[in-house]
Amino acid sequence: MRNSFIILTLCLLTVIGITNAAEKKPVNVMEIGDPAPDFNLPGVDGKNYKLSDFDDADILTVIFTCNHCPTAQGYEPMIKQIAAEYKSKGVAFVVISPNDPKAVRLDELGYTDVSDSFEDMKIRAAFSKFDFPYLYDGDKQEVSRAYGPIATPHVFIFDRERKLRYTGRVADAENIKEIKSPDTRAALDALLEGKPVPKEKTKAFGCSIKWSDKRGSVKESLEKWAKEEVSVEKISEEEVKALIKNDSGKLRMINVWATWCGPCVAEFPELVTINRMYRRRPFELIAISADSPNKEENVLSFLKEQQASFKNYQFNNTDIYKLIDAVDPEWQGAIPYTLLIKSGGEIVYRKMGAIDPLEVKQKIVAIIGRTY
């Protein structure tokens, strides 16, 4: 019986090992002169794109980038400008997101309003007005592994025969005024003139590719955050007014809620997500419960259930109108009520009722920044 158990255990370990090995698929390292790997990927415009769709182009530029990376976002305007400028010169541009969205941690989203899912890509493409195919390879990542991007963004330029002639960075700086080596432009110009590319390979700097084998890191982060301490303190009218003045040096988000408020309870997970995304930046989230002061156990129980490890307060007065006036004279009293307050006390966003999470995230990154 014992031998059978040992054999079964070894078999299971073997299967697990095979599964793990399958998750860590090899990534190709393309060399100058290699042919362009084929692809057939969905674009944010509802079409599927293949390599052959660009046969008419004299030069094909394939750029691997993503939504969330601050470096990738920093290069977005430059990529758009280059694509627009060289389109009429016979250069086709294809932009591919290689990231598995299930391998992106929430605390890696501190510089963005969206993650790297296909639906998120549609939002970013519309927001940034991309005028080129933006393709998704996050599910299987087979195309990305065939090209072998190191970071986002990573450029691959192919000649008329679709042989690789340049691979590496867009340029040596995100700021156009600081560029000393416009590598992508130099490669395109050389190829258009029938000359050798002056610098065929450069290093690509940016966020690492989120291969599917990094999903375990996401699970670990969620487990770690679930163990964080959750507490609630009583707060007075004067202390609320001090919070609104915001001398923290950070962008402050304040949400007034209650356990008996359906919309408050429904939107609360979004608050937890927003906190986990931006708390490493100059940002803080504070929640104030409008529950009766004697309902502290109910409030704390709910907060623990939600894993709300940000700063939580409960108003210490039964006169709820004092809370309303202390928070914002413009507030008519319905909850949830949410404010974004710059350091110094300027209210830049106020919302009575449930927030639009995307709208709030866009407001946040517009203030604290999308790049380093």
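1. The axes of helix H8 (residues 262-278) and helix H9 (residues 296-306) come within 10 Å and cross at roughly 50°. H8 is therefore oblique to H9; angles under 35 degrees count as roughly parallel, over 145 as roughly antiparallel, 65 to 115 as roughly perpendicular and the rest as oblique. Axes are lines fitted to C-alpha atoms, for helices over the stretch in contact, with angles from 0 to 180 degrees between N-to-C directions. Helices (at least four residues, H or I) and strands (at least two, E) are DSSP runs numbered from the N terminus.

2. The model is predicted: local features need pLDDT of at least 70 and side-chain atom pairs count only at pLDDT 80 or more, whereas totals for chains, interfaces and linings use all residues. Residues are numbered from 1 along each chain as its sequence is written, and side-chain values use heavy atoms, with hydrogens and water left out.

3. On the H8 side, Val-265, Phe-268, Pro-269 and Val-272 make the contact, and on the H9 side Phe-302, Leu-303 and Gln-306; contact means heavy atoms within 4.5 Å. These residues comprise 6 nonpolar, 1 polar and no charged. Ala, Val, Leu, Ile, Met, Phe, Trp, Tyr, Cys and Pro count as nonpolar, Asp, Glu, Lys and Arg as charged, and the others, Gly among them, as polar.

4. H8 also packs with helix H11 (residues 357-368), at an angle of about 20° and with the axes 11 Å apart. The two helices are therefore roughly parallel to each other, and the crossing of H8 and H11 is right-handed. Glu-270, Ile-274, Met-277 and Tyr-278 of H8 meet Pro-357, Val-360, Lys-361, Ile-364, Val-365 and Ile-368 of H11. This contact divides into 8 nonpolar residues, no polar and 2 charged.

5. The peptide bond from Thr-152 to Pro-153 is cis, with omega near 5°. Pro-153 sits in the loop between strands E6 (151-152) and E7 (154-158). Ile-335 and Pro-336 are likewise joined by a cis peptide bond, with omega about 5°; Pro-336 belongs to the loop between helix H10 (320-327) and strand E14 (337-341).

6. Lys-129, a residue other than glycine, has a positive phi near 55°. Lys-129 lies in the loop between helix H3 (118-128) and strand E5 (134-136) and is exposed, at 67% relative accessible area. Gln-141 also has a positive phi, of about 60°, in the loop between E5 and helix H4 (142-147); Gln-141 is buried, at 1% relative accessibility. Buried means under 20% relative accessible area, exposed over 50%, and partly exposed in between (1.4 Å probe, protein chains only).

Notes. A crossing is left-handed if the near helix is turned anticlockwise from the far one by less than a right angle, and right-handed if clockwise.
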